[in-house]
Amino acid sequence: MSAPDPMAEIRASFFIECEELLEALQDGLEAMADDSGDLETINVVFRAVHSIKGGAGAFGLEGLVRFAHRYETVLDAVRSNTLVADGDAIKLFFRAADHLSDLVRESRDDGILPEAEGNAILTELDALLGDHGVAEEDEAEIEFQPLGLSLDLGLADLPAPAPARFTIHFAPEPELYETGNEPYMILRALAELGSCEVTCLTDKVPQLTEFAPEASYLKWTVVLTADVQEAEIVSIFEFVDGLCALTIAPIPSDVPAPQDVSNDPLPELPEMPDLPDLTPPPAPAAEPEPAQPPAPAAKAKATPQSAAKSVVRVDLDRIERLVNLVGELVINQAMLSQSLESSGLSPHSDAMNGLEEFQRLTRDIQDSVMMIRAQPVKSLFQRMSRIVRECSAAVRKDVRLVTEGDTTEVDKTVIERLSDPLTHMIRNAVDHGLEPTQNRLAAGKPEQGVVKLTAAHRSGRVIIEVSDDGGGINREKVKQIATDKGLIAADASLTDTEIDNLLFLPGFSTASEVSDLSGRGVGMDVVRNAIQALGGRITITSTPGEGTTFSISLPLTLAVLDGMVVQVAGETMVLPLNLVIETLTIDHSNLEQTRPGLNVVRVRGEFVSLFDLGVELGYRSAQDSYLDAVVLLIADEGGSRAALIVDEIQDQRQVVIKGLDESFYRAPGIAAATILGDGQIALILDPSDIIAQAQGSTLAIAPNLMELTS
Amino acid sequence: MSLNILAVDDSRTMRDMIRLALEPAGFTVTTADDGVHGVEVLSGIAPDAIITDINMPRMDGFGFIDAVRGQHKHRATPILVLTTEAAPELKARARSAGATGWIVKPFDPAKLIKALQMVAG
C-alpha cells in the first residue's frame, strides 16, 4: 500500500459503507422477525455481515473480523437451511447486529472493543449451531487463514544456492482452455523464474481432416534452470491444477547442463501468441452451448433501475456554506426587489419581470440545496429499534417497534438533533407508556406491547409521532403529582389536554418508582426544549386504556420560511405562511361575543376564537372595536384554529430564519427573527404557541412556571 | 502494458481497494456492483481480465461467470474469483463455472497484480 492517503479515504468510505450494510442487516432481520421476508432476505442479511467482514479484513480490524466471521457462520447455517431461525434466534441476531454496529463504531474511532459482551453473544451464537457448529467453526478458522500457497513469486528474496534444474511436462486438458487459462502465460511465468528451454510437442496434432478445433493437442516440455523451490513452480500451475497432466521433476545436479540453456529463451516466446490460432480458440469442444446464459442477460435488462445510483460524497461544511450563501442570496434578492419597487418601476417593466424570474430561480436553488441536506429518517428509526430492544429487555416487557414512513426525508441536522429527544420518548413509551404485562393481560390486550414510530410530511412540515398501545395517561395521578409538587393550585380546573401538558413541566416525573431506565433526571421538559430549539412543537394525545401519542411537528428546513409579513401596533412581524388558511375583514355580520372579553368570528358557519395579536404580545391594550380589522385565520397541526387580528398585511415572501440565541429572553409566541429586504429586523411568530398561551391552556400554570424558572 | 480489468463486487470498499491496488500499476479498472450490473457493463467494454466477488445480490459470482462464459467472445476471457471464502469446494465450484483462478480476500495488491499478469499477460 504505497500511498497512505487513499487508504485512509477508502477506510473512511468503508465505514460509511458499513453503516449502509448495518442498515440492510437491520431491515433484513426485521423482515425475518415479522415473517415478511422471502428467500432473498437471509441472503441479504448474510451478505451484509459478509461484506463487513471482507472490508474489515482488508484493514486488519481483527476484532471486527472475528465477530463478523462467527456471526456469518451462523447466518450461513440459516441460509443453507441447516438451522431454523426461530423467534429467539432472531432476537439473538438483533443483539449480534447491535454488537456488530458497536464494533464497527469502535473500530472506526480506534476505540476499545467490548470483548466481554461480544464473547457472550458469540457463545450464544455458537450454541445455536450445537455440536455441528463447533466442528464447522474449527474448519472455518482454518479456512480464514491467509493462504500460503497463492502467488507469491517473490524471487528476489530467496537465497541463491546453485541453480536447480527441473524438467516439467505440461499437457493441458481441454478444460484448461475452457476456464480461460492460457499455456502461453504459464510458460512466460516459468521463463520469469529462470532460464527455460521449451519444447513444444506437436506429435498429437492430427491431419487437418481429423482436426477437432477445440481439442487440446499440444504438450510442452520445459527444462527450467532457476534458483527456486519446487513449490514455486507448483504455484505457477495453481490455477490449472487438475486441468492438465503435469509432472515436475528435479534434475540431479550431477547431470550436466545442456550447453545451450541460453540466457535468451525468450526469443522463442514471442511467437507463442500465435498459439491460440494454431490451437483453435479454446472452448468446449462438441458440447452444446449452455442454455442458461441468455436468462441472466434478460434479467439484466429487467432490473437496470435498481443498479446503485452514483453518489458523490461532500464535506458537510461545504454544504453548510452553500446553505448560508443561499440564505444571503434570498435576503439580497428581497432587498433588490424592495429597492426596485420603491424606485417606481412599472410592475410590467423588463426589470420587474426579470426580478420575478430571479425570484423563481432563487427558490429553485434553495429547494435543491435543502434536498442535498435531506436524509431519510430511516437511520434514526433504526437506532430507535435498538433502544426499544434494549429497554424492553431492561424492564422485562415484550415490546415490538413498528415504524412507518422510514423514507421521509428530513434535514440532516434535524435528524441528528432528534436522536436524543426521540430516544427519551421511546424509553418513556416502553417504561411508562406500556403497562406491565399482567395489567395488559387483565385488560384483554395482547401480551406484546406495540410502540409505533411514524414520520410523514404534512403541509410543509415533518410530523414524527411516537405512540404506544398502553394504558394512556393517568390524569388523576398526573394532576395529583402536579398539585403535590406545587406546580398547579389544588383547586385548578384543568381540561384533559391541560393535564397532559403538565408532563412537559420541568422536573415532572410520573413513575412512582423511578426505574433505572427513564429515570435519568431528564424529563419531558428537556424533550420539549430540544424540539422547540429545532423550531418544532410537541403535543400529546392520550386515550385511557388505548395509549398515548406524542406528536412532533418540525419545519422541513432550519434555514428559510415562507412568511406573511404583517404590521401589528407599529411592529413588523412574520407569520409562517403555511399556517395561514385565509384572510378576512371583520364586520357586524361575522363578529360575535360569547362572553365579555371573548370574541369569536364566524367563518363559514364555524366559530373561531378571535385574538388581537397586539394584545397577546403585550404591545397594546384591547381595542374598543375590532370592526374592519384585518384577521388572519390560522390553523396549527393539531387542527385547532384561531383568528388573529393584525393591523395590516404587507407582503408574502421568503425570509431567512435567524435563530435567537440563548442570550435573548425566550418570549412566548416568538420563534425566531429575520432580516427584511429593507434591512429591518422582524420577529417570526409561532402562532400555535400564541394561541396556546391565549387560550389559557398554560395560563393556570404560567405563574408557577415563572416561579420555578426564576 | 496496460490491461483493462472489469472488477465486479457489491462492496464499495472492495471496489475502491481493487482500484487502488491496480490503477497505480497501470491497469485500467472498470467496476460493477453485482453480477447483473457486471453483465451490463461488460457489453460496453472488452476487458483483458475480469475479477468477480462470489456473494453478491441479484446475480452472484457463479451466475455472473456463467453469463460471461455464455458470450462467445468471452469464452476465454480470464476470470479471477475474489472471495473471502477459500473452501476447496468453492474453488471447485468456481472452476466448474469457468473461473480461471481465485484470489483470497483480504488480498495483497502485489499478489493480485501477479495473478492478473499470470492469466492475462
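Select B:Asp53. An unreviewed UniProt entry lists this residue under "modified residue: 4-aspartylphosphate". Keep in mind that the model you have open is a predicted one.

Now show the secondary structure around the residue. B:Asp53 sits in the loop of chain B that runs between strand S3 (49-52) and helix H3 (61-69).

Next, select the contacts of B:Asp53. Leaving out residues up to four places away in sequence, they are:

- B:Val8, B:Asp9, B:Asp10 and B:Met14, among the residues touched
- B:Gly61, B:Leu82 and B:Thr83, also among them

Trace the chain along its sequence and the pattern reads β-α-β-α-β-α-β-α-β-α. Chain B has 121 residues, and 64% of them count as buried. Take the chain B contacts between residues at least 6 apart in sequence: 59% of these join residues at least 24 apart.

Move to chain A and colour by pLDDT. The chain average is 76, and 80% of the residues score at least 70. Which elements mark the two ends of the range? Select residues 702-709 of chain A: helix H21 has the lowest mean pLDDT of the chain's elements, 35. Then select residues 571-576 of chain A: strand S13 has the highest, 90.

Two stretches of chain A deserve a stop. Over residues 133-160, pLDDT stays under 50, and the model has 30 contacts beyond four places in sequence for them. Over residues 511-521 of chain A, pLDDT is also below 50, with 18 contacts in the model beyond near neighbours in sequence.

Terms used
Residues are numbered from 1 along each chain as its sequence is written. Chains are lettered from A and ligands numbered from 1 in the order in which they are written. This is a predicted model: local features need pLDDT of at least 70, side-chain atom pairs count only at pLDDT 80 or more; totals for chains, interfaces and linings use all residues. UniProt positions are given in the numbering used here, feature names are shortened, and annotations may be inferred rather than shown by experiment. Helices (H or I, at least four residues) and strands (E, at least two) are DSSP runs, numbered from the N terminus. Two residues are in contact if their C-beta atoms, placed from the backbone, lie within 7 Å. pLDDT is the predictor's confidence in each residue, from 0 to 100. A residue is buried if 20 or more other C-beta atoms lie within 10 Å of its own, exposed if 12 or fewer, and partly exposed in between; C-beta atoms are placed from the backbone.
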